[in-house]
Amino acid sequence: EALYNNINKFTICKNGISEFLHELEKIGVVFFVLPHLQKTYLDGAAFIYRDNPVIVYTGRYKRIDNFWFTIAHEITHVLRHLNKSGQFILDNLKEKSDIVSDMESEANSIAAENLKHEEILNYLEDSLNYLTTTKIEECAKELEIHESIIIGKLAHDEKISYRNIHLYNENVLDEIPDQYKISKE
């Protein structure tokens with residue numbers, strides 16, 4: 001929980017993804033990237049294997065904002081919803097459905113809280129009609145959160161066009177150390 005409560009600090013650190021994954025590993029959480037499986041809509045998964053929690057990221061969107069939200073969502077499942085070996089949760093986080101389970105709603109809510117979504121909206125509320133990169137960068141600095149997470153939240157809530165989603169977003173797979181990647185071969 002302590003690591004999770006400071007997730008935002010890792011989003012802004014140089015090598016923050018690598019450091020965060022290393023810290024997860026140190027506390028016994030297994031993490032790996034499973035290459036996105038074509039014709040599936042999976043972003044991530046969480047399960048217990050041999051008494052260790054496992055978090056999977058598929059790289060479906062390969063964006064930094066998507067990585068951090070997926071990881072935060074799956075950590076919530078580990079902390080709140082998984083309790084026995086063999087239980088698993090598969091997530092399509094892009095799905096907009098009227099029928100979202102209480103468990104998924106809670107995982108989304110807690111992930112959003114840890115990634116400061118409400119604070120982002122509050123900070124930028126007066127600037128949404130004319131949002132500049134300077135204002136986004138000020139928000140990121142003030143809230144200690146990566147700019148891509150701000151853009152991702154605003155696009156998700158349709159406050160800005162999804163055409164802007166790649167602003168501040170590099171290919172996250174380039175940031176994840178190879179030791180966590182499973183090859184398609």
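Among contacts in the protein between residues at least 6 apart in sequence, what percentage join residues at least 24 apart? The share is 66%. The model shown here is predicted.

**Figure 1. Overview of the predicted protein.** The secondary structure comes to 8 helices and 4 strands. Read along the sequence, these elements follow the pattern α-α-α-β-β-β-α-β-α-α-α-α. The C-alpha trace spans about 50 × 40 × 35 Å along its principal axes. The protein has a radius of gyration of 16 Å, which agrees with the value near 16 Å for a compact globule of 185 residues.

**Figure 2. Surface and charges of the protein.** Of the 185 residues, 45% count as buried. The protein exposes about 10,600 Å², and carbon and sulfur atoms supply 47% of that area. There are 20 positive and 31 negative side chains. The centres of these two sets lie 4 Å apart.

Figure 3. Strand E2 covers residues 44-49 and strand E3 covers residues 52-57. The two strands run antiparallel and are joined by 6 bridges. Glycine 44 has tyrosine 57, in E3, as its bridge partner. The hairpin has 2 residues between the strands. In this hairpin, arginine 50 takes a positive phi near 50°.

**Figure 4. Strand E3 beside strand E1.** Strand E1, residues 30-33, pairs with E3 in the parallel sense. This pairing extends over 4 bridges. Valine 30 stands opposite valine 54 in E3.

**Figure 5. Histidine 81 in helix H4.** Helix H4 runs over residues 64-81 and contains histidine 81. Is histidine 81 buried or exposed? Histidine 81 is buried, because its relative accessible area is 12%, and buried means under 20%. Phenylalanine 10 and histidine 81 are 71 residues apart along the chain. The C-alpha atoms of these two residues are separated by 24 Å.

**Figure 6. Asparagine 114 and its contacts.** Asparagine 114 is found in helix H5, which covers residues 102-114. At 12% relative accessibility, asparagine 114 counts as buried. Which residues does asparagine 114 touch, not counting residues up to four places away in sequence? They are Tyr4, Asn5, Ile7 and Asn8.

**Figure 7. Helix H8 and what covers it.** Helix H8 consists of residues 147-156 and is mostly covered, since 8 of its 10 residues are buried. The buried residues are Ser148, Ile149, Ile150, Ile151, Gly152, Lys153, Leu154 and Ala155. An α-helix has 3.6 residues a turn, so residues three or four places apart point the same way. What covers the buried residues of H8 includes helix H2 (7-12) and H4. Helix H6 (117-124) and helix H7 (133-143) are also among the elements that cover them. H8 is followed by glutamate 158. The phi of glutamate 158 is positive, near 60°.

Definitions and conventions:
Residues numbered from 1 in each chain as written. Predicted model: local features only at pLDDT ≥ 70, side-chain atom pairs only at ≥ 80, totals over all residues. Heavy atoms only, no water. Rg over C-alpha atoms; globule rule 2.2 N^0.38 Å. Buried < 20%, exposed > 50% of the residue type's maximum accessible area, 1.4 Å probe, protein only. Contact = heavy atoms within 4.5 Å. Areas by Shrake-Rupley, 256 points an atom, 1.4 Å probe, with all protein chains shown as cover. Lys, Arg positive; Asp, Glu negative; His and termini not counted. Charge placed at Lys NZ, Arg CZ, Asp CG, Glu CD. Pairing = 2+ DSSP bridges.
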